[in-house]
Number of protein chains: 14
Amino acid sequence: MDSNTVIAAVSIFTAGITIAIGSIGPALGEGRALAQALSAIAQQPDEASTITRTLFVGLAMVESTAIYCFVISMILIFANPFWNHFMQAATR
Amino acid sequence: MDSNTVIAAVSIFTAGITIAIGSIGPALGEGRALAQALSAIAQQPDEASTITRTLFVGLAMVESTAIYCFVISMILIFANPFWNHFMQAATR
Amino acid sequence: MDSNTVIAAVSIFTAGITIAIGSIGPALGEGRALAQALSAIAQQPDEASTITRTLFVGLAMVESTAIYCFVISMILIFANPFWNHFMQAATR
Amino acid sequence: MDSNTVIAAVSIFTAGITIAIGSIGPALGEGRALAQALSAIAQQPDEASTITRTLFVGLAMVESTAIYCFVISMILIFANPFWNHFMQAATR
Amino acid sequence: MDSNTVIAAVSIFTAGITIAIGSIGPALGEGRALAQALSAIAQQPDEASTITRTLFVGLAMVESTAIYCFVISMILIFANPFWNHFMQAATR
Amino acid sequence: MDSNTVIAAVSIFTAGITIAIGSIGPALGEGRALAQALSAIAQQPDEASTITRTLFVGLAMVESTAIYCFVISMILIFANPFWNHFMQAATR
Amino acid sequence: MDSNTVIAAVSIFTAGITIAIGSIGPALGEGRALAQALSAIAQQPDEASTITRTLFVGLAMVESTAIYCFVISMILIFANPFWNHFMQAATR
Amino acid sequence: MDSNTVIAAVSIFTAGITIAIGSIGPALGEGRALAQALSAIAQQPDEASTITRTLFVGLAMVESTAIYCFVISMILIFANPFWNHFMQAATR
Amino acid sequence: MDSNTVIAAVSIFTAGITIAIGSIGPALGEGRALAQALSAIAQQPDEASTITRTLFVGLAMVESTAIYCFVISMILIFANPFWNHFMQAATR
Amino acid sequence: MDSNTVIAAVSIFTAGITIAIGSIGPALGEGRALAQALSAIAQQPDEASTITRTLFVGLAMVESTAIYCFVISMILIFANPFWNHFMQAATR
Amino acid sequence: MDSNTVIAAVSIFTAGITIAIGSIGPALGEGRALAQALSAIAQQPDEASTITRTLFVGLAMVESTAIYCFVISMILIFANPFWNHFMQAATR
Amino acid sequence: MDSNTVIAAVSIFTAGITIAIGSIGPALGEGRALAQALSAIAQQPDEASTITRTLFVGLAMVESTAIYCFVISMILIFANPFWNHFMQAATR
Amino acid sequence: MDSNTVIAAVSIFTAGITIAIGSIGPALGEGRALAQALSAIAQQPDEASTITRTLFVGLAMVESTAIYCFVISMILIFANPFWNHFMQAATR
Amino acid sequence: MDSNTVIAAVSIFTAGITIAIGSIGPALGEGRALAQALSAIAQQPDEASTITRTLFVGLAMVESTAIYCFVISMILIFANPFWNHFMQAATR
């Protein structure tokens with residue numbers, strides 16, 4: 001296998017596995033927070049607006065770790081500097 | 001094995017495993033939130049509409065991590081830039 | 001092994017393992033939500049219709065992650081673009 | 001090993017492992033829902049018919065993920081398009 | 001190793017591992033449901049007949065996933081289409 | 001290694017591992033149900049006969065998954081169709 | 001390595017690992033049931049005889065899965081049909 | 001490596017790993033039962049003799065699965081029929 | 001494979017796996033803290049501002065471990081000193 | 001590697017791993033029983049002597065599984081029949 | 001592969017995996033402590049300042065283990081003594 | 001690699017891994033017992049001396065399994081009979 | 001690969017993995033203790049000084065196991081006796 | 001690779017992994033005991049001195065298992081008898 005093939009194969013595999021593993025933690029964490037939010041609303045309906053606001057700000061923070069993974073995954077597919085290097089080397 | 005075969009095999013395997021692993025977290029997290037929502041409705045029926053609304057907005061957020069995986073998976077099968085590169089290289 | 005064999009073998013294996021792993025999360029999540037729904041009905045029978053409606057909309061959302069896996073799995077078996085490529089290459 | 005042997009071996013192994021892994025989640029999820037249903041009936045006998053109906057509709061939904069696996073498994077054994085391709089190629 | 005040996009070895013191994021892994025989930029799920037049923041009977045003896053009936057219908061549904069595995073396992077040993085193919089090829 | 005050795009080695013290993021893994025689930029499930037049964041008898045001694053009857057019918061159902069494994073294991077040792085095939089081939 | 005060595009090595013390893021893995025489930029299940037039995041006796045001393053009787057019948061059922069493993073393990077060491085076959089082949 | 005070395009190495013490794021893995025389940029199960037027994041005595045001191053008697057009969061039953069492993073382990077070291085076969089073959 | 005290819009492949013794979021594994025802990029930890037915060041607000045609405053403030057300062061601290069991983073991941077892709085070394089060596 | 005080296009290396013590795021894995025179960029089980037014993041004494045100080053006596057008899061039983069592992073481990077190091085065989089063969 | 005490539009590849013991989021694995025524990029531990037802090041504030045608002053102070057001193061201590069990993073990770077990338085050695089050897 | 005190197009390498013690795021794995025169980029078990037002891041003292045301060053005495057005797061018993069591992073580990077490093085054999089063989 | 005490369009690569013990898021794995025336990029343990037400390041302060045504010053003092057002395061003890069790992073990790077990077085040996089051998 | 005390199009590499013890797021794995025158990029166990037101690041002080045402040053004394057004696061005992069690992073780790077790095085043997089053999 002030549003260099004291009006190796007880099008492409010590794011990039012594809014890493015991009016997939018990164019977002020796959022990286023979605024487990026955020027999904028579970030968000031699910032837990034969401035469940036507790038619903039329980040809290042049922043317990044204290046008068047505070048529903050405070051709870052909902054805190055929930056969505058917090059969810060955005062948890063989601064950020066999933067987005068880090070998604071960003072890395074997208075960089076590896078569409079803006080991979082190593083791939084670009086080998087492409088330039090090939091066309092030079 | 002030539003380059004095309006390697007890239008195709010890796011793409012197929014990664015596409016499958018990405019959505020497979022990536023569906024575990026969201027499914028468990030959504031199941032947990034849904035379970036708690038039903039419990040909250042039973043506990044505070046008067047707040048059913050608030051709970052249901054918060055639930056579905058939250059579920060959409062959890063679902064987003066599954067959709068990241070699905071998007072990567074679809075990109076790898078139908079819009080794989082590495083595969084396109086090797087196809088162009090072959091037809092050139 | 002020639003390219004066709006490799007692509008076919010990888011597609012078969014990935015199709016199977018994708019739906020196999022991808023069914024664990026949704027099944028557990030749906031089971032949990034369903035269990036809680038039954039408990040909620042027993043606790044608040046008057047809200048049975050609201051609970052059941054929320055349950056089935058939620059289950060459909062959880063099921064969606066299983067369906068993503070099933071779709072990828074079916075694509076890999078019956079509409080695999082990489083396999084089609086090699087078939088066309090062979091008949092050309 | 002020639003192509004036919006590889007495809008057959010991979011198909012057999014994948015068919016088995018798909019239904020094996022794919023039965024863990026549904027079985028556990030159904031067991032959990034069933035357990036809660038019985039507890040709910042004991043708690044609220046008057047709602048036994050509603051609980052039982054919701055239970056069986058829900059179980060059918062959980063079972064669906066097991067059936068996806070079973071369908072893929074059966075397709076791989078009895079209607080495997082890749083195997084058919086190699087069979088036709090051999091007889092041609 | 002010739003084709004027959006490979007197919008036979010893979011079939012034997014897959015048949016065993018399929019039913020082995022496939023029995024974990026149903027056994028645990030059924031055990032859980034059964035445990036809850038007994039607890040429900042102790043709690044509400046007057047509903048023993050409803051509980052028992054629901055239990056056995058539910059257990060049959062859980063058992064079905066174990067039976068899927070057993071069916072695949074038996075097919076692989078006694079009605080393996082791939083093995084039959086190679087047998088016919090050998091006798092032809 | 002010739003075919004006979006491979007088939008025999010795979011059969012031996014699979015027979016053992018099948019019943020070994022296959023005994024984990026049923027044993028845990030039965031232990032759980034049995035524990036709950038004893039607790040239920042202590043809680044409601046008057047229903048001891050109903051509980052015990054339900055327990056043993058249920059245990060038989062759980063045990064069935066262990067027996068599937070035992071059956072496959074015994075078939076692989078004493079009535080292995082693949083082994084018989086190679087034996088006949090050798091004596092022919 | 002000749003056939004005899006392979007068969008013997010596989011038989012030894014499988015015999016050991018079968019009973020080793022196969023003892024985990026029954027031991028945990030029996031320990032759980034036994035623990036609950038003692039708790040039930042402390043809770044309802046008047047039913048000690050019923051509880052003890054149900055306990056030992058149930059333990060025997062759980063133990064049966066361990067015994068399946070022990071039987072397979074013993075067969076592989078002392079009455080291994082594959083080993084006997086190769087012994088007869090060697091003396092013939 | 002000649003046959004004797006292989007058989008000896010496999011026997012040594014299997015003997016050790018059998019009792020090592022086989023001691024996990026019984027030790028945990030016995031520890032659990034013992035813990036519950038002490039709790040039961042503290043709760044119902046008047047039944048201490050019944051509890052203790054049931055405890056030790058039950059522990060003996062749990063211990064039996066550890067002893068199965070120990071027996072297999074000892075057979076593999078000191079009365080290994082496969083080893084004896086190769087020894088006789090060597091001296092013949 | 002030459003040095004450049006190895007370094008690039010390892011960098012790509014490590015960058016992905018670092019952020020993937022590194023997002024599990026923070027996401028779960030933040031989800032847990034967020035869930036508890038919502039529960040605390042429901043329990044003591046008057047302290048909502050103190051709780052929310054403490055929550056977001058704490059979340060930032062937990063997020064820091066995810067950011068360490070993201071920083072390392074970005075360094076490996078865009079400012080990798082080892083890659084730079086080999087690039088300079090190549091152009092020299 | 002000659003036979004002696006293989007046997008010695010396998011014996012050393014197995015001896016260590018046997019007692020290492022074999023100490024996990026007993027240590028956890030004993031710790032649990034001990035913890036419950038202290039709780040039971042605090043709950044029922046008058047029964048301290050009965051509880052302590054039962055505790056130490058029970059601990060001895062749990063410890064027995066660790067001792068099985070220690071015995072096998074020691075046999076493999078200091079009284080290994082396979083090693084003795086090869087030593088005798090070498091000196092003969 | 002020459003020495004430089006090996007050292008660089010190992011350093012890159014180790015740097016990533018060190019901080020990735022090393023962030024799991026601190027993130028979970030901090031999340032747990034933070035969750036409990038919020039619960040404590042809700043329970044005892046008058047002690048909010050003491051709780052918050054203790055929380056942040058404690059979080060700093062937990063964070064220290066993550067920082068150890070980050071330090072090692074940074075040393076391996078930017079101040080790796082082994083890499084420096086090989087660089088000096090190369091330029092000498 | 002000659003025999004001495006193999007034996008030394010295996011001894012070093014086994015000595016380390018034995019005490020490493022072997023310290024997990026005792027440390028967790030002792031921690032649990034110690035935690036419960038402190039809870040028991042807080043609950044029943046008058047029995048502090050009985051509880052402490054039972055605790056330390058029990059801890060010594062749990063510690064014994066760690067010491068078995070330490071003994072084996074030390075024997076493998078400083079009094080390894082297999083190593084001594086090869087040393088004597090070399091000097092002879 | 002020559003000796004220097006092997007020793008350097010192993011040292012780098014071990015240094016990273018040692019602190020990575022070694023930070024999991026202390027971080028979780030400290031997080032748990034810290035969480036309980038905050039809960040204890042909320043429950044008994046008058047004892048805040050005693051609790052805090054005990055907490056920090058205890059945390060230092062838990063931290064010590066992380067520091068052992070850090071020390072070993074630093075020794076392997078900056079004061080590795082094996083590396084020094086090979087350096088001296090090379091310069092001699 | 002010559003003997004010295006192998007022994008050094010194995011010693012380095014084992015020293016690191018020994019203390020890494022060996023710190024998990026003690027850290028978790030100590031964290032648990034410490035957490036319970038703080039809870040006990042809050043519950044029974046008058047017994048703070050007894051609890052603290054018992055805690056630190058117990059922690060020392062748990063710490064001992066971590067110290068066993070540290071000792072073995074240090075011996076492997078600084079007083080490794082196998083390494084000394086090969087050094088003496090080399091200088092002789």
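**View 1. Helix α2 of chain M at the largest pocket.** Helix α2 (residues 24–43) of chain M gives the largest share of this pocket's lining, with 4 residues. Please keep in mind that the model is predicted. Sorted by class, the lining holds 14 nonpolar, 15 polar and 14 charged residues.

**View 2. The second largest pocket and its helices.** Here the volume is about 250 Å³. The lining is made of 18 residues, and those closest to the centre are A:Arg32, I:Arg32, I:Gln36, K:Ala35 and K:Gln36. At least two lining residues come from each of the α2 helices of chains A, B, I, K and M. By class, 4 of the lining residues are nonpolar, 8 polar and 6 charged.

**View 3. Chain A from end to end.** Let's turn to one chain: chain A has 4 helices and 0 strands, running α-α-α-α from the N terminus. Its C-alpha atoms occupy a box of roughly 65 × 20 × 10 Å along the principal axes. The radius of gyration of chain A is 20 Å, whereas a compact globule of 92 residues would have one near 12 Å.

**View 4. Contacts and surface of chain A.** Among contacts in chain A with a separation of 6 or more, 76% join residues 24 or more positions apart. Of the 92 residues, 67% count as buried. Chain A exposes about 2,900 Å², with carbon and sulfur atoms supplying 59% of that area.

Definitions and conventions. Residues numbered from 1 in each chain as written. Chains lettered and ligands numbered in written order. Predicted model: local features only at pLDDT ≥ 70, side-chain atom pairs only at ≥ 80, totals over all residues. Heavy atoms only, no water. Rg over C-alpha atoms; globule rule 2.2 N^0.38 Å. Buried < 20%, exposed > 50% of the residue type's maximum accessible area, 1.4 Å probe, protein only. Contact = heavy atoms within 4.5 Å. Areas by Shrake-Rupley, 256 points an atom, 1.4 Å probe, with all protein chains shown as cover. Nonpolar A, V, L, I, M, F, W, Y, C, P; charged D, E, K, R; others polar. 1 Å grid on protein atoms, 1.4 Å probe; cavity = no way out; pocket = protein on both sides within 12 Å on 5 of 7 lines; lining within 4 Å. Points joined across faces, edges and corners; volume = space filled by probe spheres on them.
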